[in-house]
Amino acid sequence: MKKINITFLKNKFFLAGLFSGVFISALVFILIISSNYQSPEKNKLKGTIGGTYVPSVGDKGTAQSWGLDCRNKLGTCEVIFDNDPTHNYKHCHYQGSATRVEVVSVNDGAFCSGGGITVKASTIQ
């Protein structure tokens, strides 16, 4: 019976090729698996609004409370939007006070500097 020669396992070129092949295969596998998932930040407005739902101009909702914010200078309200599947409150600027509101603008930036969601009384209650 012939004895198996395994000295190639100590060869640095064999080891380099083996580790490179495993690394490249793992990298390709991860890229293929992750290609079906979109970025978690893709549909979020940066800096002003948390959560997954971002209302757009014309979206309607129900205001829950009104008040003043930013050192009592800006009118604010908490709104639950009709299209929000989680029905979470969104902190908004308001123009007037009505139960049914509609988005007028969505701006990025600091809330007290005019960023965020601005709503007004909806024309259709």
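Which residues form a nonpolar patch on the surface? In this predicted model, the patch is made of Ile 4, Ile 6, Phe 8, Leu 9, Phe 14, Leu 18 and Val 22. Together they have about 690 Å² of accessible area.

Take Val 22 from that list. Val 22 sits in helix H1, which covers residues 12–34. Is Val 22 buried or exposed? Its relative accessible area is 52%. Exposed means over 50%, so Val 22 counts as exposed.

Now turn to the inside. In soluble globular proteins, nonpolar side chains tend to be buried together. Here, the largest nonpolar core has ten residues. They are Tyr 53, Ala 63, Cys 77, Val 79, Phe 81, Cys 92, Val 101, Val 103, Ile 117 and Val 119. Which of the elements gives the largest share? That is S2, with three residues.

Pick out Val 101, one of the core residues. Set aside its neighbours within four places in sequence. Val 101 is then in contact with Asp 59, Lys 60, Gly 61, Ala 63, Val 79, Val 119, Lys 120, Ala 121 and Ser 122. Ala 63, Val 79 and Val 119 belong to the core too.

Asp 59 on that list deserves a look of its own. Where does Asp 59 lie? It is in the loop between H1 and strand S1 (60–69). Asp 59 is buried, yet it has no salt bridge. The nearest side chain of opposite charge is that of Lys 60, 8.0 Å away. Leave out residues up to four places away in sequence, and Asp 59 touches Tyr 53, Phe 81, Asn 83, Val 101, Glu 102 and Val 103. Of these, Tyr 53, Phe 81, Val 101 and Val 103 are core residues.

Gly 116 lies in strand S5. Its relative accessible area is 2%. Buried means under 20%, so Gly 116 is buried. Gly 116 and Val 106 are ten residues apart in sequence. In space, their C-alpha atoms are 5.6 Å apart.

The other residue is His 93, in strand S3 (residues 90–95). With a relative accessible area of 7%, His 93 is buried as well. How many residues along the chain lie between the positions of His 93 and Lys 120, counted as a separation? They are 27 residues apart, and their C-alpha atoms are separated by 8.6 Å.

Methods. Residues are numbered from 1 along each chain as its sequence is written. This is a predicted model: local features need pLDDT of at least 70, side-chain atom pairs count only at pLDDT 80 or more; totals for chains, interfaces and linings use all residues. Side-chain values use heavy atoms; hydrogens and water are left out. Helices (H or I, at least four residues) and strands (E, at least two) are DSSP runs, numbered from the N terminus. Buried means under 20% relative accessible area, exposed over 50%, partly exposed in between (1.4 Å probe, protein chains only). Patches are made of residues with over 30% relative accessible area and no salt bridge: like charges are joined within 9 Å, nonpolar side chains (Val, Leu, Ile, Met, Phe, Trp, Tyr) within 5 Å. Accessible areas come from the Shrake-Rupley method with a 1.4 Å probe; for residues, only the protein chains shown count as cover. A salt bridge is a side-chain nitrogen of Lys or Arg within 4 Å of a carboxyl oxygen of Asp or Glu. A nonpolar core is a set of buried Ala, Val, Leu, Ile, Met, Phe, Trp, Tyr and Cys residues joined through side-chain atoms within 4.5 Å. Contact means heavy atoms within 4.5 Å. Lys and Arg count as positive and Asp and Glu as negative; His and the chain ends are not counted.
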